[in-house]
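Good morning, and thank you for coming. I would like to present one structure today, with attention to charged side chains and to one helix.

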Amino acid sequence: MSVLTRAEAQTRARLLDVQRYQIELDLTRGDELFDSRSVIHFTVRSDLEAVDTFVELKPAELRKAALDGHLLDLDTLDENRLPLKDLTPGEHELHIDAVMRYSRTGEGMHRFTDPTDGETYLYTQLFMDDVQRVFAAFDQPDLKAVFELSIKAPEDWTVLANGITEHQGDGLWKAAPTPLISTYLVAVAAGPWYSVRTEHRGLPFGIHCRRSLAPYLDADADELLAITRGCFDRYHEKFEEPYPFDSYDQAFVPEFNAGAMENPGLVTFRDEYVFRSAVTDTERQTRAVTIAHEMAHMWFGDLVTLRWWDDIWLNESFAEYMGVQTLMEATLGGSGGTPPRKWGSRPWTDFGVTRKPWGYEADQRPSTHPVAPDPEAVPDTASALLNFDGISYAKGASALRQLVAWLGEKDFLAGINTHFARHKFANATLADFIESLADGTERDVHAWADSWLRTTGVDTLTPKIGPTDNGICTLTIAQDGSRPHRIAVGLYDRDLGDEGRLSLRERLEIDVPQTEPAHPIGKRPALLLLNDADLSYAKIRFDPDSFATVRAELSALPDPLTRAVVWNALRDCVRDGELAPTAYLEAARTHLPHERDLALVQGVLAFATTQVADRYLPAPDRPAALTTLTSLCRDLIRRTEDGSHPGLRLTAVRHFIDAAAQPDTITAWLSEGTVPGGPELDPELRWRILGRLSVLGAIDDAVIEAELVQDPSATGQEGAARCHAALPDPEAKRQAWEAMFTTDNLSNYLFTATAKGFWQPEQTDLVRDYVPRYFKQAPAVAARRGPAIAEAAGRWAFPVYAVSPETLRLGKKCLTKANPTPALHRKLVDQLDDMERALRVREA
């Protein structure tokens, strides 16, 4: 397939204006194929002579193509490009009649049959260049057009689209014409959806899911709609431009590759967000942030759209920042007498402990790039797809948070509203965005953009406390890096009136680099914390006295966001080889039993398990680490016996299962159907226990299949695939490997589930021979099955626990000799860098 280059897109945008698409889809042909008919109304600019260009499509069969009534030669279709020759200035009409193929990898028109009830669902994911899998298009973001969709579906189905849909009878649905939007934002979802509908501010709102998930959607419908209404209202307080579309539907769809997609008027979410098992408040908050994130895109991304993919951060960084900030501010209306409430500052704590480390890690790999990369660094759509990472999301959002702290929210929002007014229903660039911001402030926003958006890497800030003759200490901040920061510095003393607590004496605001050689801070504090409140994006270190206080008294800090900054610093020290992994485990063992914030418990336990125990410690030290973790989780389970912290208890139970080195306790839980004192085992916990028992060799295929009979759902199918692949049996490993790398029958989700089960730190000897096989076969499967499977093969099927110089050698040979696809190449570069880091940590 030919990928679109930036130069080609710029040329085509100079030649054409596209007014309107009329799309007819027939989804009644069967399980493999559907019909797609397109009429594209476009104009060649009047100041041009006859020009040549092309339209994109990826058909199973091209049946007819006609330009202005004249048939085109179908044999000229070259991969995904149909040439359009000798176009004269003026209006043109292109007709395309094609047969398209359904996807099983979450790209294009994805088709899914629910194993619970046999019902089938379809939805589109047209991001980047996958619209060509559904209908013919001039597929680039700056050729916006009006889209008119007609969809033929089975009679008992409902069809959703960007605009309000009406059933015309005989299975035919028509969607209201869209405003001007980009091709990648067109959306259709068809199937026997279960729907909850309402109105807000005169607009139809709806939430939709598979019928088999209806009871779970009903259980959360009030919460989902309250979040939607609250964020919608808050955005209208922030933004002068009203919501620009005719309705707001949110569809929870199966086997979705991303968290969600911001299709205007029809946001699609992965349907794991329809919780069918117990979840924590933090997981509910994550779902709420995603809702707020996607709604922010209605303005930034959909109303105003990037011109080319080098500015993807304009979409994602903005939505990431706005999602967290707006959820924190939004009042979520109660129902049934429940009072309105706000989330408070908790979303930023969760961002600090989960999302921000994603940015830090991505920014320290060889694949790092600026938040706003140079246009030449994004020459085509394949390279653009690689930038959907922790930099474009988490680092960019952190940079915007720093910008708001520096500009002030009033000036920031003034610039945003200027940007919307200037570019609504059009396209814009970084330069346009910066100009809009600069018009509302005296600050040098262009210099800020150069420092924060055009550079790579993470600055490290280190405090140096010096005494003076009169007993007043001074602070100097050493900076490894050159970005300007405005940070808070927290000075904490031991609270003599409340033994065991640290209290904030003062929070200073200091610019880095410092304008003064040293800043007076009074007497030496027990703890001096740089970047308190986590407003900037930088790694921090401690002076020796503060580090001693952290290790002994971290849990005594009063604010969870402060504790998040400290835990992130400890995490960075481990990753940089400055703190022994066992010391991190000791800190977790000491302080997590006293932790009150659930996001911190989840984040620290996740790092302690998946990185420290599973990768950073050599194999002989891993059993002791698992003992520490299970002991810690037992303490948390005992602490929550009174039922006062169900989310904390659930988190502790999950991590106890994952760290169990012996099967006895979790086998008893499975047999009894409950953890003593609760919780009862729901499907998620049952499959989690079975997954761990599979790794330990304590169950066999028959037990897994018996559980699948009890839970034949899609998540049950994934759980069974993961368990089968995790069994410490050569035949089980062979079958799992063949399913992933030979047969090509696995959907994107079943591929991922199988990969998650296959590699286990307890089984490195058993699967040793598969390590070289991975580097031979992964490039081939990525090339055959496309970017989504390439991403899964690089992320989940990589031999992550084979931490050795030999794995590094094989991986680097693969990069240079096997010519992996761009998506797989990027994942391999990142995985190999992480493995090198793990080896350095082990050596340190």
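**Charges and a helix face**

Aspartate 700 has a relative accessibility of 42%, so it counts as partly exposed. Please keep in mind that the model is predicted. Aspartate 700 is found in the loop between helix H18 (683–695) and helix H19 (701–710). Together with Asp701, Glu705 and Asp729, Asp700 forms a negative surface patch.

Let us turn to paired charges. Side chains of opposite charge can pair when their charged atoms come close. How many salt bridges does a search of the whole structure find? The search finds 68.

One of them is between the side chains of glutamate 32 and arginine 104, at 3.6 Å, N to O. This pair links distant parts of the chain, 72 residues apart: glutamate 32 is in the loop between strands E1 and E2, and arginine 104 in the loop between strands E7 and E8.

A further salt bridge, at 3.7 Å, N to O, brings together arginine 37 and aspartate 97. Here arginine 37 belongs to strand E2 and aspartate 97 to strand E7, 60 residues apart. Is aspartate 97 buried or exposed? Its relative accessibility is 16%, so aspartate 97 counts as buried, whereas arginine 37, at 33%, counts as partly exposed.

Finally, consider helix H17, residues 664–672, whose buried residues are Ile666, Trp669 and Leu670. Viewed down the helix axis, these buried residues fall within an arc of 95°, and therefore they line one face of H17. Asp664, Ser671 and Glu672 are exposed on the other side of H17.

Key: Residues numbered from 1 in each chain as written. Predicted model: local features only at pLDDT ≥ 70, side-chain atom pairs only at ≥ 80, totals over all residues. Heavy atoms only, no water. Patch = residues over 30% accessible without salt bridge, like charges linked within 9 Å, V, L, I, M, F, W, Y side chains within 5 Å. Areas by Shrake-Rupley, 256 points an atom, 1.4 Å probe, with all protein chains shown as cover. Salt bridge = Lys/Arg side-chain N within 4 Å of Asp/Glu carboxyl O. Lys, Arg positive; Asp, Glu negative; His and termini not counted. Charge placed at Lys NZ, Arg CZ, Asp CG, Glu CD. Helix = DSSP H or I, 4+ residues; strand = E, 2+ residues; numbered from the N terminus. Buried < 20%, exposed > 50% of the residue type's maximum accessible area, 1.4 Å probe, protein only. Arc of directions from axis to C-beta.
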